[in-house]
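Walk through this model with the coordinates open.

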Amino acid sequence: MNGPRARTMWTSPLRVRRVPRWDRQAPTWREAKPAVIAEALKRSAARPSGNWYVVGASRELEARDRPYGRTIAGTEVVLWRTGDGELRAGPGECPHLGAPLREGRVACGTLLCRWHGLGLDGGPFVGWEPYPLHDDGVLVWVRLDRAGGETPLDRPVVPARPLPGAAVDAVYTAVGRCEPEDVVANRLDPWHGSWFHPYAFVGLRVAGTPEDGEDDAFAVDVSFKVAGRLVVPVRAEFTAPGPRTVVMHITDGEGTGSVVETHATPLTAPGAAEPRTAVVEAVVAASDRRGFALARAAAPVLRPLMRRTAGRLWRDDLAYAERRWSLRSTGRFPG
Ligand code: FES
Ligand SMILES: [Fe+2]
């Protein structure tokens, strides 16, 4: 809403909506064509990642006295902050005798190996080359060229987000027994919304698919359930800008401009018999409402709530992704 009225009057984003019984809502399976999802998945897989992988939330990697260890695509990675607060990343094995560097200590920005005290300042050392790293302010990315096998890019493909000063962000992480494509496929099936998550969504209707337009997006009209019959209606658009990322933009309604980025980071090496994938979901919520300035001030309180909401949805969505993997890996996937 624009104009002087919008500035002076407060309007509630809540609407009252008849919530149909779960078993009375319109089935969506006819529209949810496996081929449409499979084609969208194929196009996303063909987009370049430049070998960049999301490691986790920038906020999670703040400590100055200890390193962080992550295994990404079967590669052990260690990260730490130097004296000036800059993040560094590199192989997680000590170049001396292979100790796990994640168990080291950071002193004055130097990572000290626990076994014999070898010090790494983040620059190259014989047998140890740092990995390119990117901190976009919400998420930290690392570039693993050997694991990715694509042409490297200088920077990861970071989706457009609301300006940091005008948004509240929260990052949720979970791990599933599946491959990244199973997580992406779940997100490219918007039709499951009201059926599979009736506690969260009401009356989901897919208003456009990549087959209808040129921007390769799924447009969805949906109401987020707040309590009882109170809902917040929005239009959202889902796109897959890279092989491991699906982005939902709120394009109309409350929170227009907000973004939910779902990143699927493989933990195991490509082709692993028992793959594990981390879902790192960044919610960057924006609003032009005046009350939102207060919301920003309350961000430390809001973040756990935002993470809890994402957590509930992902409990189900990981079950979906894991089921898809288990069928695919045994030749039983119907798609
Ligand atoms: S194994 Fe790291 S210093 Fe020896
Ligand atoms: Fe879902």
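This is a predicted model: local features need pLDDT of at least 70, side-chain atom pairs count only at pLDDT 80 or more; totals for chains, interfaces and linings use all residues.

Along the chain, the donors of the iron ion (ligand 2) follow the spacing H-x4-H-x119-D. The pattern joins distant parts of the chain: H197 and D317 are 120 residues apart. H197 sits in the loop between α5 (193–196) and β12 (201–208). D317 belongs to helix α7, residues 299–328.

Now look at the atoms themselves. H192 and H197 each donate through NE2.

What do the angles say about the arrangement of the four donor atoms? They run from 56 to 144° around the iron ion (ligand 2), which makes the arrangement irregular. A tetrahedral label would need all angles between 85 and 135 degrees. For reference, the ideal angle for four tetrahedral donors is 109.5 degrees. Water is not among the atoms, so a site may look incomplete.

Are H197 and D317 buried or exposed? The cut-off for buried is under 20% relative accessible area. H197 has 1% relative accessibility, so H197 counts as buried. D317 also has 1% and therefore counts as buried.

Turn next to the annotated domain. UniProt, in an unreviewed entry, lists residues 52–142 as "domain: Rieske". The end C-alpha atoms of residues 52–142 lie 6 Å apart. The span is 0% helix and 42% strand.

Strand β4 (residues 75–81) runs antiparallel to β5, and five bridges join them. V77 stands opposite P91 in β5. The two strands, β4 and β5, form a hairpin with five residues between them. In the turn, G85 has a positive phi of about 85°. Strand β5 (residues 87–91) is mostly covered, with four of its five residues buried.

Last, the empty space inside. Rolling a probe the size of a water molecule over the atoms shows where such space is left. How many cavities of 30 Å³ or more does the count give? The count comes to two. The largest cavity holds about 140 Å³ of space. It is lined by 15 residues, and the closest to its centre are S49, W52, W141, R244 and T245. Strands β2 (52–57), β14 (230–242) and β16 (259–266) each supply at least two residues of this lining.

Conventions: Residues are numbered from 1 along each chain as its sequence is written. Chains are lettered from A and ligands numbered from 1 in the order in which they are written. Side-chain values use heavy atoms; hydrogens and water are left out. Donors are N, O and S atoms within 2.8 Å of the metal (3.2 Å for Na, K and Ca); water is not among the atoms, so sites may look incomplete. Four donors count as tetrahedral if all angles lie between 85 and 135 degrees; four count as square planar and six as octahedral if opposite donors are over 155 degrees apart and all others between 65 and 115; anything else is irregular. Buried means under 20% relative accessible area, exposed over 50%, partly exposed in between (1.4 Å probe, protein chains only). UniProt positions are given in the numbering used here, feature names are shortened, and annotations may be inferred rather than shown by experiment. Two strands pair if DSSP finds at least two bridges between them. On a 1 Å grid over the protein atoms alone, a cavity is a set of points where a 1.4 Å probe fits but cannot get out, and a pocket is an open set with protein on both sides within 12 Å along at least five of seven lines; lining residues have an atom within 4 Å of a point. Grid points are joined across faces, edges and corners, and a volume is the space filled by probe spheres set on the points.
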